[in-house]
Amino acid sequence: MNSQAQQASEPSRTSSPFMRSALSYASQALYRSNPNPRVGCVIVSSTGDVLGVGSTQAAGSAHAEVMALRDVAARGLEARGATAYVTLEPCSHRGRTGPCCDALISAGIQRVVASVSDPNPLVAGQGFAKLRAAGVAVEVGEGAEESVELNVGFFSRMIRGTPWVRLKTAISLDGATALQNGQSQWITSPQARADGHAWRARACAVLTGIGTVLADDPSLDVREVETPRQPHLVIVDSDLRTPANARLWSVSHRSVLIYTGIDAPSRKSHLEALGAQVITMPDASGRVELAAMLRDLAQRNVNELHVEAGQTLNGALVEAHLVDEVLAYVAPKLLGAGTRGITSWGPLQSLQESATLEFHSHQPVGPDLRLLARPPGRAAFVPRAS
C-alpha cells in the first residue's frame, strides 16, 4: 500500500481493533469504488472471532457488507447472532445493488457498529432505522473522523453539492514551481512523484488548464501506481484551444471533459470528434464560471477533484475560495530569483488579505516533505450520531 493510503487507513482515535480492521479494509477501496464511498466491514462472532471481512468493490458491484457476508459463507460459517463493524451506514435503498440492510438482517446479524451515518439523502439515517426496526442493535460513532477522511469527496458532494477540490503542487523550499524559463522537471524526487500519482489515482477527476496543456503537453494519467481505473480528465479551456495532437488524447478508458466560455460550434465539434465532451459555461467576462463547473462536476458524480494546473487556474481557484486542500511536495532545494510560484492571484495590499490555511498533516516522502493544508474548519462533515 502506498504511503498516502497507509495514512488514510491509520485511525488515531479508534479503540476497537475490529473497527480499525474495518477502516483498513475500507482503505483497500481507495482507487476502486468511485463514485461510491470507500467502506469496510468486519463480521465478528459473539465470542470475538472474526467470521468474515470485506470492502466495497467497483461501482455496480457488491458493497462491503455483502462482501463480508460472502466471506463468512466461503469459510463455511454463519453470521447469525454476530456483530458487523462497518465504516458507513449500511444502505437501505436499491441502486445498482440491493440494500445492504436487507442482507445483514437476512443473515441474522444481531448488532451493527457503524462509524458514521451516510450523507446520501437516499440513506441518511434510513439504514439505521431499518436495522433497528428489525431488532438489530445499532451503535454509531466509532471511527467517524477516519471514515469521513477516507470519503471526504463523497461527503463533500452529498452535503455541499461540489467535489472536494485538492490543489497539488511540487515546490522548492523557497516556493518555486519552475524556473523562469519554465523548467520544472524534476523539482521533487521519484518517490514524491509516485506518491503524487497515488493521490491522483484516488480522485474521480484530474483538473488542469489550457495553459498547462499547451506549455507542458501532459498526459495527466496514473502511471506510477497500480489502479483499476483512470480518473476523468477535466480541462478549463475558455477559448477551446486544446490541440488535436496533445498527449492527453493517447490515454484510453477515461472521459475528457472540456469546459469553455465561448460558443464555437466548429471547434466544439472538432474536439467532440476526438472523444471529448465540451460544456459551455461562461462567466460575465467570457471565462469559465468555476463555481458552476464544480457544481456540474458533482452532478457527474465527481467526489474528489485533483488539480494539477498552472499559476493562472490555481490563482483563480484560490481567489474564488474554491480550494479545499493544498497538497504540496516540498523539495529541500533553493531555486533563487525569477522563479514561478504556485498561484498568480493578487497582488495583496495587506497580510490580512492572505488565504489562510491550517496544516492538516505532514510526512516525509523520500528526501521531500509532503504537506496537506486546509482552510480553517474545512472538512467538518461528521454528522451527529443517529
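A quick word on what is on screen. This is a predicted model, in which local features need pLDDT of at least 70 and side-chain atom pairs count only at pLDDT 80 or more, while totals for chains, interfaces and linings use all residues. Residues are numbered from 1 along each chain as its sequence is written, and side-chain values use heavy atoms, with hydrogens and water left out.

Stay on Ser45 for a moment. It sits in the loop between strand 1 (40–44) and strand 2; helices (H or I, at least four residues) and strands (E, at least two) are DSSP runs, numbered from the N terminus. Ser45 counts as buried because its relative accessibility is 17%; the classes are buried under 20% relative accessible area, exposed over 50%, and partly exposed in between (1.4 Å probe, protein chains only). Now show side chains: that of Ser45 makes a polar contact with the side chain of Thr47 at 2.9 Å. Such a contact is a pair of N or O atoms within 3.5 Å; within protein, one must be able to donate a hydrogen and the other to accept it, and residues adjacent in sequence count only if both atoms are side-chain atoms.

Next, select His63, Cys91 and Cys100, which an unreviewed UniProt entry annotates as "binding site". They are spread over 38 residues of sequence yet cluster in space, with a largest C-alpha distance of 9.2 Å. UniProt positions are given in the numbering used here, feature names are shortened, and annotations may be inferred rather than shown by experiment. His63 lies in the loop between strand 2 (50–55) and helix 3 (64–74), whereas Cys100 is in helix 4 (residues 100–106). Cys100 is buried because its relative accessibility is 1%. Leaving out residues up to four places away in sequence, Cys100 touches His63, Glu65, Val66, Pro90 and Cys91.

Time to zoom out. Colour domain 1 (17–152) and domain 2 (161–374) separately; these bounds come from an automatic or database domain assignment. Their centres, taken over C-alpha atoms, are 34 Å apart. The contact takes 10 residues from domain 1 and 16 residues from domain 2. Together the two domains bury about 1,000 Å², 52% of it on carbon and sulfur atoms; buried area is the accessible area (1.4 Å probe) that two parts lose on being put together, summed over both. For the domain 1 side, pick Tyr31, Asn34 and Val152, which supply 58% of the area that domain 1 buries against domain 2, more than any other three residues.

Two salt bridges cross this interface, each a side-chain nitrogen of Lys or Arg within 4 Å of a carboxyl oxygen of Asp or Glu. Six residue pairs in polar contact (both at pLDDT 80 or more) also cross it. While you have side chains on, look at the salt bridge between Arg38 and Glu304 (2.9 Å, N to O).

Last stop: Ser184, Arg200, Leu220, Arg223 and Glu308, listed by UniProt under "binding site" (unreviewed entry). Ser184 is in the loop between strand 6 (164–172) and helix 8 (190–202) and is partly exposed, at 28% relative accessible area. Arg200 is in helix 8 and buried, at 7%. Beyond its neighbours within four places in sequence, Arg200's contacts include Leu220, Arg223 and Glu308.

Definitions and conventions:
Contact = heavy atoms within 4.5 Å.
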